[in-house]
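Have a look at the sequence and the 3D structure below. Take a moment to turn the model around before reading on.

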Amino acid sequence: MRALCWQGDRLTVAEVPDPELRNGHDAIVRVRCSTTCGTDLHLIDGGAFGPGDVLGHEFLGEVVEVGPRVRRHRVGDRVVVASVVACGRCRYCQQGRHSCCDNGSVDPAAGELAWGQAPAACHGHPSAGGGFAGGHAEYVRVPYADVGAFTVPDGVPDERAVFASDAAPAGWTGADVGGVCPGDVVAIWGAGAVGQLVAQAAVRRGAARVVVVDRYDERLRMVERHTGAETVHYQRADVTAELRERSGGRGPDVCVEAAGAVGGSRSLAERLRRAPRTPLALREAVHACRKGGTVVVLGDVTDFVDAFPVGAVVQRELTVRGTRPHGPRHIPTLLEQMARDELRTEHLATHRFPLNRGPEGYALFRARTDGCVRVLFTPG
Ligand SMILES: [Zn+2]
Ligand SMILES: [Zn+2]
């Protein structure tokens, strides 16, 4: 089959072996569409992919084969697949914290070396993130198919449902982990798909004001049109002062960093050799947050960072929480909301390319020209 792979120095569409069932709980899915995600750019820049790795962790397709122990799916089902690979049975999965799954990764030693304990794997991060190939391909092996794949209700178009894979669960998880309450003021750094979905989640949870911070005019206009949030252009305003003004002089109750990742190298030794990078949006989020408020790191940070303002955290009693999307926890509700037209996400897929033109799609996504938020890949 054909797939969008990393070739050591660039992306290319190459012929790779077809995936096979390896376990009774697996399904094979023929991909109908997949989307780009900022995480992939940061992982590329961080040297996280090995040669031949197939990218893509947000995808939707049709089940073409199921293992003998799959109960919830049969051949022909149209399914959206959670980006995280989780077992559904361990202590963390039982708590709905699927991205902390104990059994998702086939290479837990890599996770332990990098982060102390192995989290769940993620599709499309084969070398660095648990060992599973991605969805920018004709076919994908979906482990724990009863846990990670969800039948899409009839009438929900592919280009809407595909965002239930990762971006929408990220938004819902971010608002949840931030403990957004009715009446809160919520500020979000990053007006990409994830930032816009955090905004939608916060509005749904009854936040009094939601403010999204970015520098791309098209994205900020999209936020205003689709989410019910306000915006701040960070190059044209003093963000902290502006947020204080809009929150009764206190600062936002919840600040969510959804601007992106500090991408990860593959080995701890490489990480230690490299100068830590400074996450500017995160520092600004800490700086802006009200005393006693919560800062959520939702960008997929995998590496070390430096110049983190611990003093502000201590002196102002901030809570800092990090998370990755707990897809299987939120996807059923998200699909119901999509089916009722309460949650619309298709506008985020601003561009569409056949998979054959994958490298071109990623180049556009990286450049963010032409109002690009996400590129949707379809077969061909
Ligand atoms: Zn993603
Ligand atoms: Zn688990």
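This is a predicted model: local features need pLDDT of at least 70, side-chain atom pairs count only at pLDDT 80 or more; totals for chains, interfaces and linings use all residues.

Let us begin with the metals. Find the zinc ion labelled ligand 2: Cys87, Cys90, Cys93 and Cys101 coordinate this zinc ion, each through its SG atom, at 2.3 to 2.4 Å. How are the four donor atoms arranged around the zinc ion (ligand 2)? They subtend angles of 102 to 118°, so the arrangement is tetrahedral. To count as tetrahedral, four donors need all their angles between 85 and 135 degrees. Along the chain, these donors follow the spacing C-x2-C-x2-C-x7-C. Cys90 sits in the loop between β6 (84–85) and α2 (91–94), while Cys101 sits in the loop between α2 and α3 (108–115), so this pair ties together parts that are eleven residues apart in sequence. Cys90 and Cys101 are both buried.

Now move to the zinc ion labelled ligand 1. Its protein donors are Cys37 (SG), His57 (NE2), Glu58 (OE) and Asp166 (OD), and they lie 2.1 to 2.3 Å from the ion. Here the four donor atoms subtend angles of 79 to 140°, and therefore the arrangement is irregular. The donor residues are spaced C-x19-H-E-x107-D in the sequence. Glu58 belongs to the loop between α1 (38–45) and β4 (59–66), and Asp166 to the loop between α5 (158–161) and α6 (167–177), so the pair ties together parts that are 108 residues apart in sequence. Are these two residues buried or exposed? Glu58 has a relative accessible area of 1%, so Glu58 is buried. Asp166, with a relative accessible area of 7%, is buried as well. The cut-off for buried is under 20%.

A disulfide is a covalent bond between the sulfur atoms of two cysteines. How many disulfides does a search of the whole structure find? The search finds zero. Take Cys100, which is in no disulfide: the nearest cysteine sulfur belongs to Cys90 and is 8.7 Å away. For a pair to count, the two sulfur atoms must be within 2.5 Å. Cys100 has a relative accessibility of 30%, so this residue counts as partly exposed. Cys181 is in no disulfide either, and the nearest cysteine sulfur, from Cys289, is 13 Å away. With a relative accessible area of 39%, Cys181 is partly exposed.

Next, look for a sheet. Six strands form an open sheet in the order β12-β11-β10-β13-β14-β15, and their pairing is parallel. Which strands are at the edges? They are β12 (230–233) and β15 (319–322), each of which pairs on one side only. On average, neighbouring strands in this sheet are turned by 20° against each other, with direction ignored. To see one pairing, follow strand β10 (residues 185–189) beside strand β11 (residues 209–214): the two pair in the parallel sense over five bridges. Within this pairing, Val186 stands opposite Val210 in β11.

Finally, go to edge strand β15, where you will find Gly322. Gly322 has a relative accessibility of 59%, so this glycine counts as exposed.

How values were computed. Residues are numbered from 1 along each chain as its sequence is written. Chains are lettered from A and ligands numbered from 1 in the order in which they are written. Side-chain values use heavy atoms; hydrogens and water are left out. Buried means under 20% relative accessible area, exposed over 50%, partly exposed in between (1.4 Å probe, protein chains only). Two strands pair if DSSP finds at least two bridges between them. Helices (H or I, at least four residues) and strands (E, at least two) are DSSP runs, numbered from the N terminus. Axes are lines fitted to C-alpha atoms, for helices over the stretch in contact, and angles run from 0 to 180 degrees between N-to-C directions. Donors are N, O and S atoms within 2.8 Å of the metal (3.2 Å for Na, K and Ca); water is not among the atoms, so sites may look incomplete. Four donors count as tetrahedral if all angles lie between 85 and 135 degrees; four count as square planar and six as octahedral if opposite donors are over 155 degrees apart and all others between 65 and 115; anything else is irregular.
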